[in-house]
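Please read these notes with the model open beside you.

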Amino acid sequence: MPQTPPFTGQLNTGSYNKNLYQTKEEGYPGLYYHDNHLVSGSLEALIHHLVPTMDYYPDRTYIFTFLLSSRLFIHPYELMSKVCHLCMEQQRLGDPQDVHIRKIAPKILQLLTEWTETFPYDFRDERMMRSLKELTHRLASGDEVYRKAVSQMSQGLIRRLTVLSQYEEALVKINATAAERLTALKAKPQASIQRDMLSICNDPFTVAQQLTHIELERLSYIGPEEFVQAFVQKDPLDNDKRCFSDHKKASNLEAYVEWFNRLSYLVATEICMPVKKKHRARVIEFFIDVARECFNIGNFNSLMAIISGMNMSPVSRLKKTWSKVKTAKFDILEHQMDPSSNFYNYRTALRGATQRSITANSSREKIVIPFFSLLIKDIYFLNEGCANRLPNGHINFEKFWELAKQVSEFMTWKKVECPFEKDRKILQYLLTAPVFTEDALYLASYESEGPENNMEKDRWKSLRLLNQHLFINK
């Protein structure tokens, strides 16, 4: 059985040539090409184009692109059901002695393997598993080799889904621990704040490495389909009255965005918490150094979270504190992440990190962790800026080639193993230390450096009355 090769980064849609696949599609209407590139087609034709025959196997870029985008038009379990029906009907899987089966079975297994490896979360749906088992049972009944291949594929799928469940359970425990610490902080605010980041670790490089561990772990659990499902809307040509609300949406993607917010608020909390101005300035300089190390590593998401935390109003208003800070390094980092010209400087740095990753000689050089909110924004505007269907009702496949390019690059980045040694103590602190709400940050900020105008004075008074309710867990 052919093995699924490793996913190789950005899709090259130019390699998809009509002439390579003429044999299969010559007799099936509904696919349209321009300069030998598939540009549109009916949903039915695109589904047929996914299913192998004796002398045809779909290009891997097509498989990924269609499985990624098809969920905008059809539930994955419905697509699996149609694929199974076509396989069993057209390839006559009911006769295990047929030579025809011996030629087509490895190709069908290859397609199913690519589906289960690249989109394993689809198979949390019992309806998907039912169709998969039905088809693989038919395949496995014909030959011992196929039985072994089916068993290997099934075990790999179960392993991936088990690891996902364990990760989700671990997140629940982390949130529970953070909630317990939050409760302690509410009960005894002064007694509970016994440690800060600098007391846990005062080495910026080590903290940047541990942040990279968290980033890469959380990235690794985001399924490619989550980028589509985050923006999924009902297809206007779908007569089914139900929307896609019963899909697994984008829980791992959302958890990753929440991590960015937590890190931003943690940085702001660490800065606003110290009573002494000198200590606050030292904390700011420390996180500037952490941010610089994140930039050098290629961890742009933590970099931006740290910058966002330092730019929050309760922090930026501490003028006396900032006057004690050497800000030259911070100015450079802000320049790199400057949002002007659609984040031109950042995008240039990201391209450089991507190129370094491609030619990397070490695992450290392979690390590319994008500023995630901007990646989501890019995909959102691609989705909103182009129609899913053409005026004739056909699916606009040119749009989905581009979508797949962006998502497949992310797929390469998320598979990088973190090369740094884990420090459990630092990781635990980063993930579970209580953080201030925005109101709590303002209160701490005003108490460190008094209000400068009447509006700030009024706000300070109200916050002092409400200070027992100012803590939430991010």
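1. One aromatic cluster is formed by F260, F295, F300, F343, Y346 and F371. The model is predicted: local features need pLDDT of at least 70, side-chain atom pairs count only at pLDDT 80 or more, and totals for chains, interfaces and linings use all residues. Residues are numbered from 1 along each chain as its sequence is written, and side-chain values use heavy atoms, with hydrogens and water left out.

2. The structure holds 21 aromatic pairs (rings of Phe, Tyr and Trp, its six-membered ring, with centres within 6.5 Å; planes under 30 degrees apart are stacked, over 60 edge-to-face, the rest tilted). W115 and F123 have ring centres 6.1 Å apart and planes at 70°, so this pair is edge-to-face. W115 counts as buried at 1% relative accessibility, and F123 counts as buried at 2% (buried is under 20% relative accessible area, exposed over 50%, partly exposed in between, with a 1.4 Å probe and protein chains only).

3. Two arginines sit over rings (CZ of Arg, or NZ of Lys, within 6 Å of the ring centre and within 35 degrees of the ring normal). R459 lies over the face of Y442, 3.7 Å from the ring centre. R464 lies over the face of W460, at 4.8 Å.

4. F300 of the cluster also belongs to the buried set of α14. Ten of the eleven residues of this helix (residues 300–310) are buried, so α14 is largely enclosed by the rest of the structure. Among them are N301, L303, M304, I306 and M310.

5. Helix α6 covers residues 126–140, 15 residues in total. From first C-alpha to last it reaches 20 Å, close to the expected 21 Å (1.5 Å times one less than the number of residues). Which residues of α6 are buried? They are M128, M129, S131, L132, L135, T136, L139 and A140. Seen down the axis, the buried residues of α6 fall within an arc of 165°, so they line one face (the arc is that of the directions from the axis to the C-beta atoms). The face turned away carries the exposed E126, R130, K133 and H137.

6. D125 caps the N-terminal end of α6. A side-chain oxygen of D125 lies 2.8 Å from the backbone nitrogen of R127.

7. The chain has 23 helices and three strands (DSSP runs numbered from the N terminus: helices H or I, at least four residues; strands E, at least two). Of its 474 residues, 53% are buried. Among contacts (heavy atoms within 4.5 Å) with a separation of 6 or more, 76% join residues 24 or more positions apart.

Key
A polar contact is a pair of N or O atoms within 3.5 Å; within protein, one must be able to donate a hydrogen and the other to accept it, and residues adjacent in sequence count only if both atoms are side-chain atoms.
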